[in-house]
Amino acid sequence: MNQYCELTDDCMVIHIPRELDHHEAGRLRQEADLMIGACHIRRLVFDFAETEFMDSSGIGVIIGRCRTIGYYGGSACARNLSGRLRKIFLVSGLQELMREDQTGKTERKESGKL
């Protein structure tokens with residue numbers, strides 16, 4: 001079984017797998033939710049360095065974790081987005097939850113503010 005989450009202080013990095021499909025999304029969701037609740041995470045980082053494919057269930061798991069961390073008063077960001085993943089972010093509406101700046105970092109939008 002793959003381990004997706006890595007903890008450092010109050011930050012959790014989720015290493016998104018090469019293919020984030022229905023099966024991987026379920027495993028990732030379960031691991032992330034367990035750690036967010038148990039470890040009082042305040043900052044969530046999605047690392048897309050290895051990701052080549054993501055379907056709608058993958059998009060859903062990302063949106064869900066962004067909302068969950070928001071309920072806890074935390075923030076989420078993404079890193080290592082390829083051109084293809086930027087298009088997925090745009091088409092799916094993920095850019096409404098996170099935006100990418102010129103340095104390749106993205107920050108969670110707080111109540112409509114940049």
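In which helix does Glu 24 lie? In this predicted model, Glu 24 is found in helix 1. Glu 24 counts as buried because its relative accessible area is 16%, and the cut-off for burial is under 20%. The side chain of Glu 24 has a polar partner, the side chain of Arg 27, at 2.7 Å.

With that residue placed, the overall layout can be described. The protein chain contains 3 helices and 8 strands, arranged along the sequence as β-β-β-α-β-β-α-β-α-β-β. Of its 114 residues, 42% are buried. The accessible surface of the chain amounts to about 6,600 Å², with carbon and sulfur atoms contributing 49% of that area. When contacts between residues at least 6 apart in sequence are considered, 69% of them link residues at least 24 apart.

Strand 1 (residues 5-8) and strand 2 (residues 11-15) run antiparallel and are joined by 4 bridges. Within this pair, Cys 5 sits opposite Ile 14 of strand 2. The two strands make a hairpin with 2 residues between them, and in the turn Asp 9 adopts a positive phi of about 50 degrees.

The largest nonpolar core comprises 30 residues, and Met 12, Ile 14, Phe 46, Phe 48 and Ile 62 have the most contacts inside it. At least two residues of this core come from each of strand 2, helix 1 (22-39), strand 4 (43-47), helix 2 (56-71), strand 6 (75-79) and helix 3 (83-92). In soluble globular proteins, nonpolar side chains tend to be buried together.

The buried residues of helix 2 are Ser 57, Gly 58, Ile 59, Val 61, Ile 62, Gly 64, Arg 65, Cys 66, Thr 68 and Ile 69. Among them, Ile 62 has already been met as one of the core residues with the most contacts. Just beyond the end of helix 2, Gly 73 has a positive phi of about 80 degrees.

Notes: Residues are numbered from 1 along each chain as its sequence is written. This is a predicted model: local features need pLDDT of at least 70, side-chain atom pairs count only at pLDDT 80 or more; totals for chains, interfaces and linings use all residues. Side-chain values use heavy atoms; hydrogens and water are left out. Two strands pair if DSSP finds at least two bridges between them. A nonpolar core is a set of buried Ala, Val, Leu, Ile, Met, Phe, Trp, Tyr and Cys residues joined through side-chain atoms within 4.5 Å. Buried means under 20% relative accessible area, exposed over 50%, partly exposed in between (1.4 Å probe, protein chains only). Contact means heavy atoms within 4.5 Å. Accessible areas come from the Shrake-Rupley method with a 1.4 Å probe; for residues, only the protein chains shown count as cover. A polar contact is a pair of N or O atoms within 3.5 Å; within protein, one must be able to donate a hydrogen and the other to accept it, and residues adjacent in sequence count only if both atoms are side-chain atoms.
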